[in-house]
Amino acid sequence: MRTARATAAAVTTVTGVLAASIASIAAGRLASDAALKARAGRPLPTEPRLTVHAVAAGHVTLTRDLASLRSGTYGLAGDGYHAVVGPVVESVPHPADTVVRRLDRVTHGALEPGAHAWLTPQVHIGDPASALGLEHADVDVPGELGALPAWFLPGARDTWVITVHGLGTTREHPMNVMEFLHRQRFPVLDLAYRGDLGAPRSPDGLHHLGETEWRDLDAAIRYAVRFGARRVIVHGWSTGAAMALHAAGHCALRERIAGLVLDSPVLSWEATLRALARAHRTPRTLLPLAVRAAQGRTGLHTDRLAEAADPQNLKVPTLVVHGPDDEVAPWTLSRRLAAARPDLVTLHTVADAPHNAMWNADPATYEETLRRFLTPLM
């Protein structure tokens, strides 16, 4: 009888341990989804949800939050609508738990009290013609998984700028700097890559944080050279910046890359995955499981991005635009990169700006910094 009881207890223990292990693996997998299944055009988990409390001529009242108090110009998005909001308006009376911002325009849908909203770095929606009045062509870039849609804006120079968006945004995001680049007479190729609307999906349907997506940027560089670019400058945001670093190190035409602009760069996919998982309310004890789950699902390896972001591997002038308030990609890594290669890397620090939103916090200073960097490369 004792033997039977002992056997039953052992089976119960093993079953419990197995069940706990399966639950932990499932939890790690779910936590990794915050990065690997980040949807383009949807808020990252670090971005708080706000409520629209009132809408008046030229003003919108939002839930008071550190996000709604940010300086600068942002998109205000929700289900079925998009608007553009400017700085906080202190002179307008409002309850203590709300914030009034300047309402520049409603670009899509209806902005009404009670709507749920989030701030987004995407100020423009549509395409360069409808949003900015800029002449452009819809082109297809031949990629390894199929045709990649892109917008091409003609310019007089033979140095092209290729723009690559990042996490939580779409190819509409680079339109923030498109008017500026057009004034500088650069041809611009704004790329949609695997997983984007209209582009092929990754075979596993997951985001690889730039580690495989960079091959679509490689295809865009080849396309640019084929159609007249003597040199290219890659301007990447977030994981788009990681793609730029991968391309600069491994692209077959990397000698044509004249410079890199890295905005809110993801320099460690593991740090970014952990940050997104934490923001998704993942318990700290499960974060290592989220990392392992990501490795198992995608084949991500720390050494590949570390090699691409190694300061000693940089060969071209690089502008890094980043700030200490980025909760997704650690600013300390950008500081370290700039400190290690002062001969090639210029760091422009932006305070009070979330991930992907360095332009939004101070458009004029951002564009002047960009102009000074690009002038010698023209």
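**Aromatic pairs, helix packing and selected residues**

Author: In this predicted model, the count of aromatic pairs comes to two. One of them joins tyrosine 223 and phenylalanine 227, whose rings lie 4.6 Å apart, centre to centre, with 40 degrees between the planes. The pair is classed as tilted because stacked planes must be under 30 degrees apart and edge-to-face planes over 60. The two partners can also be described by their accessibility. Tyrosine 223 has a relative accessibility of 12% and therefore counts as buried, whereas phenylalanine 227, at 45%, counts as partly exposed.

The account now turns to helix H4, which spans residues 214–226. Helix H4 packs with helix H5, residues 239–250, at an angle of about 65 degrees, and the two axes are 9 Å apart. The crossing is right-handed. On the H4 side, the contact is made by Trp214, Leu217 and Ile221; on the H5 side, Met243, Ala244, His246, Ala247 and His250 take part. Sorted by class, this contact of H4 with H5 has six nonpolar and two polar residues, and no charged ones.

The loop between strand S11 (231–237) and H5 holds serine 238. Most residues other than glycine have a negative phi. Serine 238, although not a glycine, has a positive phi of about 60 degrees. With a relative accessible area of 0%, serine 238 is buried.

H6 passes H7 in a right-handed crossing. From H6, the residues in contact are Trp269, Glu270, Leu273, Arg274, Ala277 and Arg278; they meet Leu287, Pro288, Ala290, Val291, Ala294 and Gln295 of H7. By class, the contact of H6 with H7 has eight nonpolar residues, one polar residue and three charged residues.

Arginine 281 is placed in the loop between H6 and H7. Arginine 281 is not a glycine, yet its phi is positive, at about 65 degrees. Its relative accessibility is 76%, so arginine 281 counts as exposed. Serine 238, by contrast, is buried.

Helix H9 (residues 331–340) contains serine 334. At 0% relative accessibility, serine 334 counts as buried. Leaving aside neighbours within four places in sequence, serine 334 is in contact with Pro265, Leu267, Val320, His322 and Leu347. Phenylalanine 180 lies 154 residues from serine 334 in sequence, and their C-alpha atoms are 24 Å apart in space.

Leucine 103 is found in strand S5, residues 98–108, and counts as buried because its relative accessibility is 13%, with the cut-off for buried at under 20%. Leucine 167 is 64 residues from leucine 103 along the chain, and 26 Å separates their C-alpha atoms.

Notes:
Residues are numbered from 1 along each chain as its sequence is written. This is a predicted model: local features need pLDDT of at least 70, side-chain atom pairs count only at pLDDT 80 or more; totals for chains, interfaces and linings use all residues. Side-chain values use heavy atoms; hydrogens and water are left out. A crossing is left-handed if the near helix is turned anticlockwise from the far one by less than a right angle, and right-handed if clockwise. Helices (H or I, at least four residues) and strands (E, at least two) are DSSP runs, numbered from the N terminus. Contact means heavy atoms within 4.5 Å. Ala, Val, Leu, Ile, Met, Phe, Trp, Tyr, Cys and Pro count as nonpolar, Asp, Glu, Lys and Arg as charged, and the others, Gly among them, as polar. Axes are lines fitted to C-alpha atoms, for helices over the stretch in contact, and angles run from 0 to 180 degrees between N-to-C directions. Rings of Phe, Tyr and Trp (its six-membered ring) pair if their centres lie within 6.5 Å; planes under 30 degrees apart count as stacked, over 60 as edge-to-face and the rest as tilted. Buried means under 20% relative accessible area, exposed over 50%, partly exposed in between (1.4 Å probe, protein chains only).
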